[in-house]
Amino acid sequence: MSYGTAEPAREAAASVAKFWWLFIISGLLWLIIGVIVLRLDTQSLATVGYLVGFMLIFTGIEQFFVASAVAGWKWVWILFGVFFLIGGTWAVFNPIGTSAALAASLGLLFILIAVFWFIEAFATKDANSLWWLTLIAAAIMFGMGIWVGSQGLLSKTVTLLVFAGVWALAHAVGDFVRAFQLKKLGNLVAA
C-alpha cells in the first residue's frame, strides 16, 4: 500500500480523534443521570420516565455519530438510532406511561439491549481490542432480561429504578473507555 492511499485514512482518524473529549462530557452526563436514578424512590416514576426518555434520545444521537465514523454496519447504527430517538421522544411526552410500560416490559427491553450489545461487540471486533467486554455485558444483560421477565409488576418497578441507574453508569464507563481509545488513536495518528 502506498503512502498516498493511507493519508486520507490518517486525516479521517485525526479528525474524529480530536473530539475524544465529547465522550468524557457524555460519560459525565450519564454518570450524573445514573446517580440521580439510583437515588429515586418509587414515588418518582415521572422523573424516571423523563430520565429514561433523555437517555434514549442521547443514545440515539450517539448511534448516528457512531454510524458516521465506522466503515461497516452503518445501517445497524442508524436503525438503532432511529428506534432510540422514537422511544425517547415518546418517553419525554408520556413519562408516567413510560415508567409503567418499562416496568411491564423490562425483561424484553433488557433482552433487546443485549441483542444490540451482541451486534455491537461483533461489529467493532476488528477496531476495538476490548470488544469482548461488550460481549460479556451483553450476556449478563440477556440473563437479567430472563430473570426480570419472571418477576411481578411491583418488583419490576423497583428493578426498573435500579437497572436504569446501573445502565446509565455502565454507559458512562463505556463513554470514558471510548474517549481514551479515541485519544490514543489521535496520539498514534499524530506520531
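Which residue forms a salt bridge with Asp175, and how far apart are the closest N and O atoms?

Modeller: Asp175 pairs with Arg178, and their closest N and O atoms are 2.7 Å apart. A salt bridge here is a side-chain nitrogen of Lys or Arg within 4 Å of a carboxyl oxygen of Asp or Glu. Before going on, bear in mind that this is a predicted model, where local features need pLDDT of at least 70, side-chain atom pairs count only at pLDDT 80 or more, and totals for chains, interfaces and linings use all residues. Residues are numbered from 1 along each chain as its sequence is written, and side-chain values use heavy atoms, with hydrogens and water left out.

Back to the pair: Asp175 and Arg178 are about one helical turn from each other, because they sit three residues apart in helix H8. (Helices are DSSP runs of H or I with at least four residues, numbered from the N terminus.) Asp175 is buried, at a relative accessible area of 0%, while Arg178 is partly exposed at 28%. Buried means under 20% relative accessible area, exposed over 50% and partly exposed in between, using a 1.4 Å probe and protein chains only.

Now have a look around Glu120. It counts as buried because its relative accessibility is 13%. Setting aside residues up to four places away in sequence, Glu120 touches Trp77, Thr134 and Arg178, where contact means heavy atoms within 4.5 Å.

How far can you trust the picture? pLDDT is the predictor's confidence in each residue, from 0 to 100. The protein averages 83, and 93% of the residues score at least 70. Where pLDDT is low, the predicted coordinates should not be read in detail.

Conventions: Helix = DSSP H or I, 4+ residues; strand = E, 2+ residues; numbered from the N terminus.
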